[in-house]
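Welcome, and take a moment to turn the model around before reading on.

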Amino acid sequence: MVRVLKKGGLVLALFAVVWLAVIIWWQESRTLPTGVDIGLYLFALPLAILAAIWIGARIVRAARTPKAAPAQAQTETQSDAPAGPAALRLIAVAARAAPGEDAAAIAEALAEQKRPELDAELKSPQGFPIFAARAAGMDDMALYAAARDRGAPPEALAIATLRVTAMLADVAQALTHEAHARATELDVPAREADWPRLHFDVVVPAAWSEAARHRALAAVRSAAGAWPDARIHTTEHSARDGMAADHLLRQIAAEPADARAEPQWRIVLAGDGYIDAEQVAHWESLATLLTHANPQGSVPGEGAAGLLLAPPDAQAEFHVTLSPMLQRQKSADARGAQAEAPLADLTRDLLQAAAVDPGAVSHIVSDGDHRGARPLEPLNVASLVFAHLDAGKDCQAIGMACGHIGAAASLLTLAVACETCLQFDQPVLTLTLQDPALRAAALVARPAASATA
């Protein structure tokens, strides 16, 4: 009703301005208007101006609307098309965030619908306590002192980076222990050169200082102490947005198998965090912090997660089928944004590619939170594709319990989905919703749990 009144007032104002201008012109030019002049200038002219404004607005809106990225270039030949959907084989996952120190604890917190509480230390610039998802069990002063004693430069001593680096080390240690147990299951290599390579792909925020990123990689290497140091390799991936880990996983899945390559174990890690007074003040200045006056703001969180990929000759515990990426027609953060049908279509295509019946899927786990259209998107997918799911219990959002964890969100979502898949022994769908426009999905299934369509 308010919108109708507002638009009606604008139309009346336009007519009033045009009429006033025409009448003044007639008086100044001493013109005696005819019936045709009255119809033309007092009615046709303002209607033409209204039509021009409406058409111009439609053109501008269409130009600003994000276009869906084409799945394939038109010039790509059929022989270059991928033989099947992008997929990964996983042996183990690990995670740490505010709800718990492993994926099982985080999955349990999601099932119990736990939410971040008011933080005892972080406050808004006005002095009010704020909600934050702070991981327990870390002493900020001890982390600071240890890093300084080891010679870390001042630019690597921000509290948020110290906390995330510690979580990355914990996740790396857990996954290295699993890889070590698998690699030495039959026999411990006698010589260092006989050990397979252990490769870490570490996703860290591009906003971190170079010293902080280097220190995070060094902490990951140090946490893999069970492996010969000479056989450990690390690659840093700077995350400029929340989709960096998704892009990396699809890149890894698309890599061709090289029969001549030496054996290697591969671990993908991601960490990010915002438990820091300076970060809170920055969010407040940008009006992106959750407060009583800004219910669409973000809750500071922190977390780290990792995936242990299965080598070609190893048995996998989980199969992850990855969808292509698509773009929403309207930003999820825009006023009035709703769930869009293409995400449900993407989910159906993913199920068909993975040969999984919709009725076999037990849960939907997303990296979304309370902002914009994100709470509606999993519910829309459930109602259109998975009629058997209970939206209140079977659709879970990482951001609701863990807060905003940026670059770590998608890997943490996959880790929780793998844990849920293990508990229920049924496939689990994940949705990547953190970005305002980009969307992606993945289907996690155990090799013996895939139900053919």
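**A walk among the helices**

Let us begin at the start of helix α8, residues 277–286, where a side-chain oxygen of Asp 276 comes to within 2.9 Å of the backbone nitrogen of Glu 278. After α8 comes Ala 287, and its phi is positive, near 60°.

Before going further, keep in mind that this is a predicted model. How confident is the prediction along the chain? The average pLDDT of the protein chain is 87, and 90% of the residues score at least 70. Confidence is highest in strand β7 (residues 302–309), at 97, and lowest in helix α2 (residues 35–64), where the mean is 74. Over residues 64–83 the pLDDT stays under 50, and the model gives this stretch 12 contacts beyond four places in sequence. Residues 449–453 also have a pLDDT below 50, with 12 contacts in the model beyond near neighbours in sequence.

Now look for helix α5 (residues 159–183) and helix α6 (residues 210–223). Their axes lie 8 Å apart, and the two helices pack at an angle of about 25°. Angles under 35 degrees count as roughly parallel, so α5 is roughly parallel to α6. Their crossing is right-handed. On the α5 side, the contact is made by Thr 161, Leu 162, Thr 165, Leu 168, Ala 169, Ala 172 and Gln 173. These meet Ala 212, Arg 215, Ala 216, Ala 219, Val 220 and Ala 223 of α6. Sorted by class, this contact has 9 nonpolar, 3 polar and 1 charged residues.

A second pair to find is helix α9 (residues 341–354) with helix α10 (residues 376–385). Here the axes come within 9 Å and cross at roughly 55°, and α9 and α10 are therefore oblique to each other. The crossing of α9 and α10 is right-handed. From α9, Leu 343, Ala 344, Thr 347, Arg 348 and Leu 351 meet Glu 377, Val 381, Leu 384 and Val 385 in α10. The contact of α9 with α10 has 6 nonpolar, 1 polar and 2 charged residues.

Our last stop brings together helix α7 (residues 244–254) and helix α13 (residues 409–424), whose axes come within 7 Å and cross at roughly 65°. Which residues make this contact? Ala 245, Asp 246 and Leu 249 take part from α7, with Ser 410, Leu 411 and Leu 414 from α13. By class, the contact of α7 with α13 has 4 nonpolar, 1 polar and 1 charged residues.

Note on methods
Residues numbered from 1 in each chain as written. Predicted model: local features only at pLDDT ≥ 70, side-chain atom pairs only at ≥ 80, totals over all residues. Heavy atoms only, no water. Axes fitted to C-alpha atoms, helices over the stretch in contact; angles between N-to-C directions. Helix = DSSP H or I, 4+ residues; strand = E, 2+ residues; numbered from the N terminus. Parallel < 35°, antiparallel > 145°, perpendicular 65-115°, else oblique. Left-handed = near helix turned anticlockwise from the far one by under 90°. Contact = heavy atoms within 4.5 Å. Nonpolar A, V, L, I, M, F, W, Y, C, P; charged D, E, K, R; others polar. Polar contact = N/O pair within 3.5 Å; in protein donor to acceptor, adjacent residues only side chain to side chain. pLDDT = per-residue confidence, 0-100.
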